[in-house]
Amino acid sequence: MWNRQPNITGRNDPFSNAPRGRERLSAESVKCPTCAANITYMPEVKGMMCRNCGNIYDAETMEVLGSFGTGGEHDYVGEQDISAEDRRRHEILCNSCGAQLIADENTMSTMCPFCGSPALITRRMTREFKPDYIIPFKIDRDEASKNMMAWISSRKYTPWGFKSKCRLTKMTALYVPFWLLDCHVNTEMTGTGKYDRGASKVVYEVNSKLTYYVKGVPFDGATKIANKLMEAIEPFDYSELVKFDNKYLQGFYADKYDKRPIDLADKMFSRLDSFSVAETDLIAKKYDEYEARPEKTFSWMSDVKTRYCLLPVWFMTVEFEDRQYQFAVNGQTGEASGQMPTTSATDKMDFFNEMVSSNWKWIPIITAVVIPFILSSVLFQGNCSVSGFKTFWIVFLSALEIITIALIVLTFVGAFLSKHISKRIHKVADEVNDYDKDPGLDQYLDTTQKTSMKVEENYLGQFVKETSGNGPDIPDNIINTFVP
Ligand SMILES: [Zn+2]
Ligand SMILES: [Zn+2]
């Protein structure tokens, strides 16, 4: 939806949506006033955005409108660049998975929290480490493990042995780097609304404008940690957010961010966007019939600000059947989440399916054809007189024929049933074992700022419902002729 600006003529032309008068400029000629990188017009922010430093500028005046900036962090060039504080820290690099952790000089590491590897290298800091804020740990290891196991125990259809493996895995206290996003979101949506008026329908073009502010929407800056996992243990209580101080890091690891806010901009757009879309659904309820026009719906952010902070997370990686599963407990609220593997027991139900679709199915079928053949040859051998020996064969082969046919029927019915039952169990298991749903944006709405929803109706026409015949009340293509 973010890119569905009206009148987009060419996606490659960065100025196709820019105000009049700037068309003469080419993308190459516009440089970021802060860092001199090339900048382009982004409809998502209704301004020129620098993908290098994250600043957003007004396309006309080049005045700063907001920023996805990181606030001055930089790589060390020489020994003199390293601050006294950073000298007291070291960086731990995992040789196996490439994770980069930061710890104070007294925190010894034995095992990588992401992959469990003991192959760790301790080295000098390579980049300034300056979080703006931190929420200190409140939940200790015992409580975190208790919550984690309670959550894991509540999961269903998990493979045998997985839960006990979780019980044996140690949790690591980790400060995870987060970018907290503050911004103003604007969404414009167009649709067609119809009211039932007895024998007729009244049709309106509906233009809605939704405006709201969000404060502190968290986005984790660590590639190693699944975004969905972090969303699942939200929210954190920001009333306990304090200015970063070295003392909070003692005895803990901090994960080093490897994604800057500007790298997460698209993720930010899409999270705000899906929230807007869900909110504008409220408009639809006003009408007897409502049809959204996605191509005439778009959103943009303004007054963008990000804050860099460390949030406390108890973290655990469990390796099972060559796959890694991440689990986390919110180190402040104790909320646990993760993603569980789904049991392979249901797969065994597919045994019948496989049999039916494989060559094995021919064995009972061929047997069923062969038996009457032998049976008839026994029956009509000689002069049709039935001896005791023949009676035995007839009874035996007939019984075998009945059993074989019953087996064929059972196999096919069983395959049909197991296919459907296992599909259902798989679906339920996947839903149950997936991450908990992300909490939306409701709790990040800034209530000190005005939230507004304006709905405008433009009368398009009135239609008399057809009462005879079986056709639709209003052909859909008629509506289109009323919309410019
Ligand atoms: Zn820049
Ligand atoms: Zn590792």
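Reader: What makes a stretch count as a strand, and where does M62 lie among them?

Author: Strands are DSSP runs of E with at least two residues, numbered from the N terminus. In this predicted model, M62 is found in the loop between β3 and β4 (64–67).

Reader: Why is M62 called partly exposed?

Author: Buried means under 20% relative accessible area and exposed means over 50%. M62 has 23%, so the residue is partly exposed. C35, with 28%, is therefore partly exposed too.

Reader: What makes the phi of M62 worth a look?

Author: Phi of M62 is near 60°, a positive value in a residue other than glycine. Most residues other than glycine have a negative phi. A36, in the segment before β1, also has a positive phi, near 70°.

Reader: How do you know which residues are donors of the zinc ion (ligand 1)?

Author: A donor has to be an N, O or S atom within 2.8 Å of the metal. The SG atoms of C32, C35, C50 and C53 lie 2.2 to 2.3 Å from the zinc ion, so they count as donors.

Reader: Why is the arrangement around the zinc ion (ligand 1) called tetrahedral?

Author: All angles must lie between 85 and 135 degrees. Here the four donor atoms subtend 101 to 122°, so the arrangement is tetrahedral. C35 lies in the segment before β1 (39–42) and C53 in the loop between β2 (47–50) and β3 (55–57), so this pair ties together parts 18 residues apart in sequence.

Methods:
Residues are numbered from 1 along each chain as its sequence is written. Chains are lettered from A and ligands numbered from 1 in the order in which they are written. This is a predicted model: local features need pLDDT of at least 70, side-chain atom pairs count only at pLDDT 80 or more; totals for chains, interfaces and linings use all residues. Side-chain values use heavy atoms; hydrogens and water are left out. Donors are N, O and S atoms within 2.8 Å of the metal (3.2 Å for Na, K and Ca); water is not among the atoms, so sites may look incomplete. Four donors count as tetrahedral if all angles lie between 85 and 135 degrees; four count as square planar and six as octahedral if opposite donors are over 155 degrees apart and all others between 65 and 115; anything else is irregular. Helices (H or I, at least four residues) and strands (E, at least two) are DSSP runs, numbered from the N terminus. Buried means under 20% relative accessible area, exposed over 50%, partly exposed in between (1.4 Å probe, protein chains only).
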